[in-house]
Amino acid sequence: MRAPLKTWTSVGAVVLMTSLGLAACGSDETSGGSGGEVAVGEEAGTELTEENFFSEVTDAQVEAKSSHVSMDMGAEAGGIKAEGDVVMGESAEDTAMTMTMDSGEASMGTIEMRLVEGIFYMNFGDMTQGKFVEMDLSDESNPLGAQFGSMTDNFDPAKQLEVLEEAVTGFEQKGDAEEIDGVEATPYEITVDSSKIVGQLGEGAAGAEAEMPEEIAYTMFVGPDNLPRRVVVDMAGTSMAMDYSKWGEEVAVEKPSEDEITTESPFGEMGG
């Protein structure tokens, strides 16, 4: 059972974009940052450097706990748009996400994704009769879990932080601050080795690595409170952006009810 590369690449790209932004949302124990409590929008008073960047942004996100995200992957990437909310946890099990993705394809339409207690739920609209497919990505006896299980690493802050720190090949504060989400956000340009990241998308993304450049360059705009406000990714000439807002607001991500879940998988029916 294998999802078509085009479909999984779209979903995987959203997960990858989200994880780039969440890469620094680990626990205080993992991050080793200054750990000072700073209210959203206030000055953190810390100079960000290559050595402390991930740890300081980590602590800020852990303190804020939640964010609204809005993603635009541009016409070059098929016009994919996604929007939702993320609750920052200290592991994949207590990290939660709800995301609605416009696939940019008439045949696919809108896809809804939820991550709750380590379980990934995906609603493919008409393909799943408006219901969610449940994927326990830690269950290797489940074909979907075996195929896409590596994706959980994208939502495990400790693992993602470790992968990104090893993958970074360049870091530079570059350009002037821009006003985003009501604050002055400073741009930091970060380059990563794509081969060390794409493997986390799982076996379902087999072949996607060949479509990616050797390096991925992204710019993270960080506010005075060390919270990211925008991530812009330049990948093979395609620019993709994710905006963060509503840091710290109350967010509830709920597991679909039993009558909203189907046991019939669409992955064996979709063409490439």
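How many salt bridges does the structure hold? Six. A salt bridge here is a side-chain nitrogen of Lys or Arg within 4 Å of a carboxyl oxygen of Asp or Glu.

Before the details, some ground rules. This is a predicted model: local features need pLDDT of at least 70, side-chain atom pairs count only at pLDDT 80 or more, and totals for chains, interfaces and linings use all residues. Residues are numbered from 1 along each chain as its sequence is written, and side-chain values use heavy atoms, with hydrogens and water left out.

Now the overview. The chain has six helices and 13 strands. These are DSSP runs, helices being H or I with at least four residues and strands E with at least two, numbered from the N terminus. Of the 272 residues, 50% are buried. Buried means under 20% relative accessible area, exposed means over 50%, and partly exposed lies in between, with a 1.4 Å probe and protein chains only.

Next, the core. A nonpolar core is a set of buried Ala, Val, Leu, Ile, Met, Phe, Trp, Tyr and Cys residues joined through side-chain atoms within 4.5 Å. The largest one has 41 residues, and Phe-53, Met-113 and Tyr-218 touch the most other members. Helix α3, residues 53–64, gives the largest share, five residues. A second, separate core has seven residues, among them Tyr-121 and Val-253.

Back to the charges. Lys-81 pairs with Asp-72 in a salt bridge, closest N and O atoms 2.9 Å apart. Lys-81 is partly exposed at 42%, and Asp-72 is partly exposed at 34%.

Lys-174 and Glu-189 form another salt bridge, at 3.9 Å, N to O. That pair links distant parts of the chain: Lys-174 sits in the loop between β7 and β8, Glu-189 in strand β9, 15 residues apart.

Then Arg-230 and Asp-243, at 2.6 Å, N to O. Here strand β11 is linked to strand β12, with the partners 13 residues apart. Salt bridges that share partners also join Asp-181, Asp-225 and Arg-229 into one network.

Is Arg-229 buried or exposed? Buried, because its relative accessibility is 1%. Arg-229 lies in strand β11, residues 228–235. Its side chain makes a polar contact with the side chain of Asp-225, at 2.9 Å. A polar contact is a pair of N or O atoms within 3.5 Å; within protein, one must be able to donate a hydrogen and the other to accept it, and residues adjacent in sequence count only if both atoms are side-chain atoms.
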